[in-house]
Amino acid sequence: IAFPAVNGVEKNWNLIEAEHSRLFIEYHIEPHIVLQAILSRGQSESTGSRGVALAGLAEAFVSRWPFEVLHGVTNVRGGYCCLRLPEELIRKHLSQDDMQRLLPTGGSVRLGTGHLQRIRQPWDQAPGDVARFRRQAKSRTYHQFLYLLRDSQPFDVIAVSTEWCVTMNGHFSKHWSEVLAHGEEACESIQFVSGLALRGQDDIVVGYGINDCEADLLPMPISKVLEMLRPVNSTLNVSLDDVEMI
């Protein structure tokens, strides 16, 4: 592994694809680092039972999206990867022109989510209680984004969405939602998407956590998800020697 965590704790690894003798694992989103885990299958000499063991782990593919995507943000963090979206399902929700814009070569894709940690300032929100804004100044808030991976190797990022967040609906944030000014909206400070699933042919269900205390589900129309995505051209075969990881 090129960049193990400083504190020795590795997290937010995602399984992209599982084959009989290997796994492709998403290790990092930007740069997009894909690891290949080699599996050995055989019979244990001690127990006589058959099983699977990890025989090797190495970088398989490294790519980067353009710097201007998400304004060159360096604190892109993980979420969930990946939900496979078949081409026929995508065509059902996109016009021919939009299909050409988003996926000019066609094909199925894999949908993932990541998050950013933003530092809030008093002027980030709508007018209201100045004292409340002072209390939240320089606190962190999570913003989510969606992305698409190519459905086959090298599994590079081919589209990224605009930032978005889930409005307050947790038990512990109920009080704050009740004191917002008329027409004012606010998002959960800590929100983390940890799952995506298809519901029928029209919706994607987003599973997410709130403030590390609660869990909830958010149905999103597939058409809306696709509308949020913008195509990008990732640079392939990137050398990690020149990449500064934060």
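Visitor: In which loop is Phe155 found?

Guide: Welcome! Keep in mind that this is a predicted model. Phe155 is found in the loop between strand S7 (140–150) and strand S8 (157–161).

Visitor: What is the phi of Phe155?

Guide: Here is the general idea. Most residues other than glycine have a negative phi. Now the case at hand: the phi of Phe155 is near 55°, a positive value.

Visitor: Is Phe155 buried or exposed?

Guide: Buried means under 20% relative accessible area. Phe155 has a relative accessible area of 0%, so it is buried.

Visitor: Where is Asn211 found?

Guide: Look at the loop between strand S10 (203–210) and strand S11 (214–221). Asn211 also has a positive phi, near 50°. With a relative accessible area of 24%, Asn211 is partly exposed.

Visitor: Now to peptide bonds. Which residues does a cis peptide bond with omega of about 0° join?

Guide: As a rule, most peptide bonds are trans. In this model, Glu30 and Pro31 are joined by a cis bond, with omega at about 0°. Pro31 sits in the loop between strand S2 (22–28) and strand S3 (32–43). The bond from Cys81 to Cys82 is cis too, with omega near 5°, and Cys82 belongs to strand S5 (residues 77–85).

Visitor: And the surface: which residues make a nonpolar patch of about 280 Å²?

Guide: A residue must have over 30% relative accessible area to count towards a patch. Here Trp13, Leu54 and Leu57 make the patch. Take Leu57, part of strand S4 (residues 50–63): its relative accessible area is 36%, so Leu57 is partly exposed.

Notes
Residues are numbered from 1 along each chain as its sequence is written. This is a predicted model: local features need pLDDT of at least 70, side-chain atom pairs count only at pLDDT 80 or more; totals for chains, interfaces and linings use all residues. Side-chain values use heavy atoms; hydrogens and water are left out. Patches are made of residues with over 30% relative accessible area and no salt bridge: like charges are joined within 9 Å, nonpolar side chains (Val, Leu, Ile, Met, Phe, Trp, Tyr) within 5 Å. Accessible areas come from the Shrake-Rupley method with a 1.4 Å probe; for residues, only the protein chains shown count as cover. A salt bridge is a side-chain nitrogen of Lys or Arg within 4 Å of a carboxyl oxygen of Asp or Glu. Helices (H or I, at least four residues) and strands (E, at least two) are DSSP runs, numbered from the N terminus. Buried means under 20% relative accessible area, exposed over 50%, partly exposed in between (1.4 Å probe, protein chains only).
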